[in-house]
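The structure comes first, and my notes follow.

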Amino acid sequence: MVYLNVILIALAVLAGDGLKVGDQAMDFNLKNVDGQMVSLAGNKDVKGYILIFTCNTCPYSVAYEDRIIELHQKYAPKGYPVVAVQPNDGQRSPGDSFGNMQKRAKDKGFPFPYLLDETQEVTRTYGATNTPHVYVLDRKSGDTFVIEYIGTIDNNSKNAADADKHYVMDALESLLDGNSVQTTKTKAIGCTIKWAS
Amino acid sequence: MNCIRGTFIWRHRNQLSMHKSVIGLFCLGLILAFGVVGPTEVRVVKFDALEHLMTRDSEKIEVINFWATWCKPCIKELPYFQQLQNDMPEKVNVTLVSLDFADVLENKVIPFVEKRQLTTQVLLLDEIDYNSWIDKVDPSWSGAIPATLIINHQTGQRKFIERELEPGELEQLIEELTI
């Protein structure tokens, strides 16, 4: 089964379009800003995760930082913590180096892990293209998580108060109520991911 | 800027020389005809203005580039668009559509456009609910910039490129759409 999953994931990656809603989420083992390694399977208590590809330097990511913190504060106690992954290559985007990630996490007091995808393999596998790019994951059985939503956080990157569609929160509320997610895919508006050349 | 001053004078002062009056009238005519007030002015628009560019009946090839002042690869390729407008003004219509937030118009976008001496049309698209309109530009668009849309209104052919362009690529794309 594990092999089959690996093959399926490899095929999805080869197809070039990344994981889709309904697909099993690929686990990873990435370094957090505190030096510890973090994986999805590492936390047995959670119901799922709000996996967010985001970075230090993109104005959209910066505009969403406080909302990402709020998402974590609201939904971690309900079983869906945020896990942030920084996908940009540190050489192409020096502001996103591991040192600068550590600084940003400290300055903003990130209450969630902020992981570096150094090889960009996780980002590529998931098919994230922009920052911030959100994947809502729901535990199905054991350490198997399924992707329930892919896209943007809400419909106003500039001003949280003016947003009237809260895609990620709506997805989480549906999952918490035991319902299926209504809007499962939106376009994640933001900056392109800076791939290593 | 002479157009703006000329129009202003024409509108607000009666003691005019005939010369200024003519300039004022001419410039006001330009404003009414094209909705632009000068080479380095940036108009803040809604999606309908963009839709107009995408659907209008024009003999010229429409080149629409989506960019922002914070986007490094966008800034890198902006000179290609300025050059294209300089080289083929009779053949292409270049519009640079800034996706900067509208509240940085005065302190970022306008100074940027002036510093770079851009003379192409520059619009700031003030439509924050991206998921309501980006599919109308192109269904394949992930929402990342730079992105460029090229349209031949006469044949209906379109090309959409969601990445930074290589030098000379723009001219090649236009040639492909012209044949």
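**Chain A: elements and overall form**

I looked up the secondary structure and found that chain A has five helices and nine strands, where helices (H or I, at least four residues) and strands (E, at least two) are DSSP runs numbered from the N terminus. I noted that this is a predicted model, in which local features need pLDDT of at least 70 and side-chain atom pairs count only at pLDDT 80 or more, while totals for chains, interfaces and linings use all residues. Residues are numbered from 1 along each chain as its sequence is written, and chains are lettered from A and ligands numbered from 1 in the order in which they are written.

Along the sequence, I read the pattern of chain A as α-β-β-β-α-β-α-β-α-β-β-β-α-β. The radius of gyration of chain A, 16 Å, is close to the 16 Å from the globule rule for 197 residues, so chain A is as compact as a globular protein of that length; the radius is taken over C-alpha atoms, and the rule is 2.2 Å times the number of residues to the power 0.38.

**Chain B: the sheet**

I then turned to an open sheet of six strands in chain B, which has the order 1-4-3-2-5-6 with mixed pairing, two strands being paired if DSSP finds at least two bridges between them. Its edge strands, each pairing on one side only, are strand 1 (42–45) and strand 6 (157–161) of chain B. I found four bridges joining strand 1 of chain B to strand 4 (residues 121–125) of chain B, and these strands run parallel. Val42(B) stands opposite Val122(B) in strand 4 of chain B.
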